[in-house]
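Hi everyone, thanks for coming. Today I'd like to walk you through the pockets of one model, so let's bring it up on the screen.

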Amino acid sequence: RKLLEPLKPHEKKFLFFPVNDNDRDKEGGTHWSLVVYSTPENSFYSFDSVDNLNNSATMKIVQVLRSILNCNSSTYIKYPCVQQNNLYDCGIFVLCNVDNITRTILQYEYATVKHVSNLDRNCVLEKRKEILQTIELLREREI
C-alpha cells in the first residue's frame, strides 16, 4: 500500500507488475512473469512464458492488489502467450510483453488487454539486440 499510493494507482487505466517467484525477504527467485491490471475491464491478466510456473506468486500478488485497489470483484485471466524454450529468457519475455501490451493500448483508442495479439518469438531476439545497443550507447557516453 505504501509503495503504490504515491503512484496514484486509482487514476491509471493499466498497471503493470513484474512478478518474481521469490517468497523470501532477501534477493532470490528463479522466474519472472507479468501481471497487468486493466481498470476498464476490472481484470488481472497474467502473462507467464513458462505456462503456470509463477502461478503461486502471481495469485499472492493479485490477492494483495485486489485489497489495495479495492477491486475484489475483479476477474483473473491467464492470458495465452508465447512460451520460452529455455531456462533464462523470462525477463526478456516480460519486457516484450510490456512493449506489446502498451503498443496495442496506445495504438487503439478503446483497446484493452484482451485486444493484445500474441508475441512473435523473434521479439526476444530483437529485444536482446535493443538492450545490447542501449548498453553500448551508455558505455560510449561514459568514455
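This is a predicted model: local features need pLDDT of at least 70, side-chain atom pairs count only at pLDDT 80 or more; totals for chains, interfaces and linings use all residues.

Residues are numbered from 1 along each chain as its sequence is written, and side-chain values use heavy atoms, with hydrogens and water left out.

A pocket here is an open set of points on a 1 Å grid over the protein atoms alone, where a 1.4 Å probe fits, with protein on both sides within 12 Å along at least five of seven lines; lining residues have an atom within 4 Å of a point.

The largest pocket holds about 260 Å³ of space, a volume being the space filled by probe spheres set on the points. Its lining includes Arg 1, Lys 12, Phe 14 and Ile 68. Strand S1 (14-20) and helix H1 (55-69) each supply at least two of the lining residues, and the largest share, 4 residues, comes from S1. By type, the lining has 10 nonpolar residues, no polar ones and 2 charged.

Now, which element gives the most to the lining of the second largest pocket? That is H1, with 5 residues, while S1 also supplies at least two. This pocket has a volume of about 220 Å³. Among its lining residues are Asp 21, Asp 23, Trp 32 and Lys 60, and the lining divides into 6 nonpolar, 3 polar and 3 charged.

Terms used. Ala, Val, Leu, Ile, Met, Phe, Trp, Tyr, Cys and Pro count as nonpolar, Asp, Glu, Lys and Arg as charged, and the others, Gly among them, as polar.
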